[in-house]
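The entries follow the order in which I went through them.

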Amino acid sequence: MPALSLVALVSLVSTVFAKQLEAHPPQQQHKHWAQICSGNPVNKIRGCDRYGCGYFGADRHGHKGKHVGVDVICADGATVYAPFSGQLSGPIRFFHNGNAIDDGVQIRGSGYCVKLVCIHPIRYHGQIHRGQQLGRMLPMQKVFPGIISHIHVENCDHSDPTQQLTPVVPPFPQQGSHWATVCSGNPTNEIRGCDRYGCGYYGAPRRNGKGKHTGVDVICSDGATVYAPFSGQLSGPIKFFHNGNAIDDGVQIRGSGFCVKLLCIHPIRYNGRISKGQILGKMLPMQRVFPGITSHIHVENCDHSDPTSNLERGKGQKV
């Protein structure tokens with residue numbers, strides 16, 4: 001083949017390849033992002049404190065808005081790492097008031113684009129690699145005393161980044177037959193006793209003695225953080241009352257050998273994988289609907305069998 005024709009052929013192939021690469025950019029090698037903050041190897045999400053909750057979709061602006069990111073727990077001054085490889089741009093100003101935490105940066109990689117706020121990056125431009133030091137956590141306690149210090153992680157398209165932040169876990173086999181703690185403040189999964197609305201044990205009378213309770217009520221204060229009792233697949237929403245009241249929400253978890261519905265909670269998401277002991281959501285305001293009741297999560301097996309033994313009869317185990 002003449003040299004000129006060979007050069008032309010190589011040029012043509014390179015042009016076609018470049019166009020294909022532009023149309024179909026290479027995907028990340030890792031579906032799940034790397035650890036973001038030193039001291040938080042599993043990217044644990046902030047629960048609820050007096051300033052609000054850290055999960056995606058949590059109430060903001062006095063119930064007039066929703067949280068469009070997630071808050072990854074990070075101690076003031078801790079080292080921050082890049083969740084994936086990409087191009088930096090910034091600075092990102094969230095508060096626009098120059099306070100001590102009004103800084104951040106954007107990372108755009110192949111298929112991902114995220115803003116990390118309340119951090120001071122080592123630089124605002126250039127390439128960074130997954131797991132490489134990105135910067136440090138700013139002093140959030142100076143601005144919001146008593147808050148759970150955190151990095152605000154927000155996808156550029158305002159979609160939920162929770163699944164990417166979740167560490168890879170083995171599929172479904174459980175580490176133990178007993179479920180994890182379901183509600184913060186109730187480490188032993190204590191079951192509601194009896195109050196003027198009824199009793200919380202399995203089989204308790206319902207509908208004036210014409211029916212039976214097909215679940216158990218695990219004590220949980222309004223607004224408390226709720227955890228996954230076992231690893232599994234989420235589905236929902238689950239509506240128990242079908243009247244849109246303040247506690248008419250919930251989710252189902254199906255794992256290996258287990259399937260349960262947790263009601264009167266607002267989950268961080270209704271689909272995807274979740275790991276045993278991971279934050280699932282928050283307890284809804286039951287006192288608003290049933291004043292004076294012992295606030296609780298209704299825990300019901302999908303086959304209506306008794307879940308009490310999995311909760312270990314009030315002696316649930318932490319992970």
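**Cysteine links**

I began with the link of C48 and C53, which is right-handed, with 105 degrees about the S-S bond. This is a predicted model, in which local features need pLDDT of at least 70 and side-chain atom pairs count only at pLDDT 80 or more, while totals for chains, interfaces and linings use all residues. Residues are numbered from 1 along each chain as its sequence is written, and side-chain values use heavy atoms, with hydrogens and water left out.

I then noted the distance for this pair: C48 and C53 are joined by a disulfide with S to S 2.0 Å, where the term stands for a pair of cysteine sulfur atoms within 2.5 Å. In general, a disulfide is a covalent bond between the sulfur atoms of two cysteines.

Is C53 buried or exposed? I found that C53 counts as buried at 10% relative accessibility, whereas C48 is partly exposed, with a relative accessible area of 23%. For these words I keep to the cut-offs of under 20% relative accessible area for buried, over 50% for exposed and partly exposed in between, with a 1.4 Å probe and protein chains only.

**A pair across two loops**

Next I looked up C183 and C220, which a disulfide joins with S to S 2.0 Å. The torsion about their S-S bond is about 80 degrees, so this disulfide is right-handed. C183 lies in the loop between helix 3 (162-165) and strand 14 (194-195), and C220 lies in the loop between strand 18 (216-219) and strand 19 (225-227), so the pair ties together parts that are 37 residues apart in sequence. Helices (H or I, at least four residues) and strands (E, at least two) are DSSP runs, numbered from the N terminus. I also recorded that C183 and C220 are both buried.

**A pair with one exposed end**

The sulfur atoms of C194 and C199 are 2.0 Å apart and form a disulfide, and with 105 degrees about the S-S bond this link of C194 and C199 is right-handed. I found C194 exposed, with a relative accessible area of 56%, while C199 is buried at 15%.

**The whole set**

How many disulfides does a search of the whole structure find? I wrote down 6. With the bonded cysteines of the protein chain numbered in sequence order, I read the pairing as 1-4, 2-3, 5-6, 7-10, 8-9, 11-12.

Last, I checked two further cysteines: C118 counts as buried at 3% relative accessibility, and C264 is buried, with a relative accessible area of 4%.
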